[in-house]
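Open the model in your viewer and keep the sequence panel beside it. The stops below go from the whole chain to single side chains.

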Amino acid sequence: MATVYLSRLFPQAEIACVEPSPHNIPLLKRAVALNGIRARVFEAAVGAESGTVDLYIAAHPECNSVYPLEGSSTVVPVPVIPVRQIMSEMGWDTIDVLKIDIEGAEKDVLRRNNGWLRNVRVITGESHVNAGYPYADLQADLRAFGFALETVIPETAAYGASFRGARQG
């Protein structure tokens, strides 16, 4: 789980965890409590604007998505919270490290109401080509905010890329 890993790398960090899946929320909260992590769990999906979105529940809990999934029989409405609101509720002006793996919602979050990206120092995450947002588009969107990205795992026709990078200047 990324929260536990990042808390070990940065033991003094204050972490905001955003988790929309009703199945994963109790596991995340338990991991935070058992490991004494300074974290707040937001029971929501992240998006460009506040609202509600349908979450398609996958057979594998790490593959839930706000986009329809083949073979998904369960759909759960979940609240949506924008990054700017998370920052406000956490009392943050900047985000030192942003880990983004939002199962297809990257395009919405990184393209709309995205001025907060100027306040992110380092970003890491995954793209999701199956959601109509090729890695090249994600790279261009982040370059516009001064990020220099490194590809960790290249994009394929079926899967997106994993990346990391820092904002320059």
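A residue is called buried when its relative accessible area is under 20%, exposed when over 50%, and partly exposed in between, with a 1.4 Å probe and protein chains only. This is a predicted model, in which local features need pLDDT of at least 70 and side-chain atom pairs count only at pLDDT 80 or more, while totals for chains, interfaces and linings use all residues. Residues are numbered from 1 along each chain as its sequence is written, and side-chain values use heavy atoms, with hydrogens and water left out.

**Whole chain**

Start with a cartoon view. The protein has 5 helices and 9 strands, where helices (H or I, at least four residues) and strands (E, at least two) are DSSP runs numbered from the N terminus. Tracing the sequence gives the order α-β-α-β-β-β-β-α-β-α-β-α-β-β.

Switch to the C-alpha trace, which spans about 45 × 40 × 30 Å along the principal axes. The radius of gyration is 15 Å, which agrees with the value near 15 Å for a compact globule of 169 residues. That radius is taken over C-alpha atoms, and the globule rule is 2.2 Å times the number of residues to the power 0.38.

Now show the surface. Its accessible area is about 9,300 Å², and carbon and sulfur atoms account for 52% of that; the areas come from the Shrake-Rupley method with a 1.4 Å probe, and for residues only the protein chains shown count as cover. Buried residues are 40% of the 169.

Contact means heavy atoms within 4.5 Å. Of the contacts between residues at least 6 apart in sequence, 63% join residues at least 24 apart.

**Helix α1**

Select Thr3, which lies in helix α1 (residues 2–9). Is Thr3 buried or exposed? Its relative accessible area is 10%, so Thr3 is buried. Leaving aside residues up to four places away in sequence, Thr3 touches Ile15, Cys17, Leu28, Val32 and Ile37.

**Charged side chains**

Colour by charge next. There are 15 positive and 19 negative side chains, and the centres of the two sets lie 7 Å apart. Lys and Arg count as positive and Asp and Glu as negative, without His and the chain ends; each charge is placed at NZ of Lys, CZ of Arg, CG of Asp or CD of Glu.

Side chains of opposite charge can pair when their charged atoms come close. A salt bridge here is a side-chain nitrogen of Lys or Arg within 4 Å of a carboxyl oxygen of Asp or Glu. The count is 9.

Select Arg40 and Glu89, whose side chains form a salt bridge at 2.7 Å, N to O. Arg40 is in strand β2 (residues 39–42) and Glu89 in helix α3 (residues 83–90), so this pair ties together parts 49 residues apart in sequence. Arg40 is partly exposed at 35% relative accessibility, and Glu89 is partly exposed at 36%.

Move to Arg111, where two salt bridges can be inspected in turn. With Asp137 the N to O distance is 3.9 Å. Asp137 sits in helix α5 (residues 135–143) and Arg111 in helix α4 (residues 106–111), so the pair ties together parts 26 residues apart in sequence. With Asp141 the N to O distance is 2.7 Å; Asp141 in helix α5 and Arg111 in helix α4 are 30 residues apart.

Which of these side chains is buried? Asp141 is buried, with a relative accessible area of 15%. Asp137 is partly exposed at 30%, and Arg111 is partly exposed at 37%.

For the last stop, select Glu49, Asp108 and Arg112, which are linked in a network of salt bridges.
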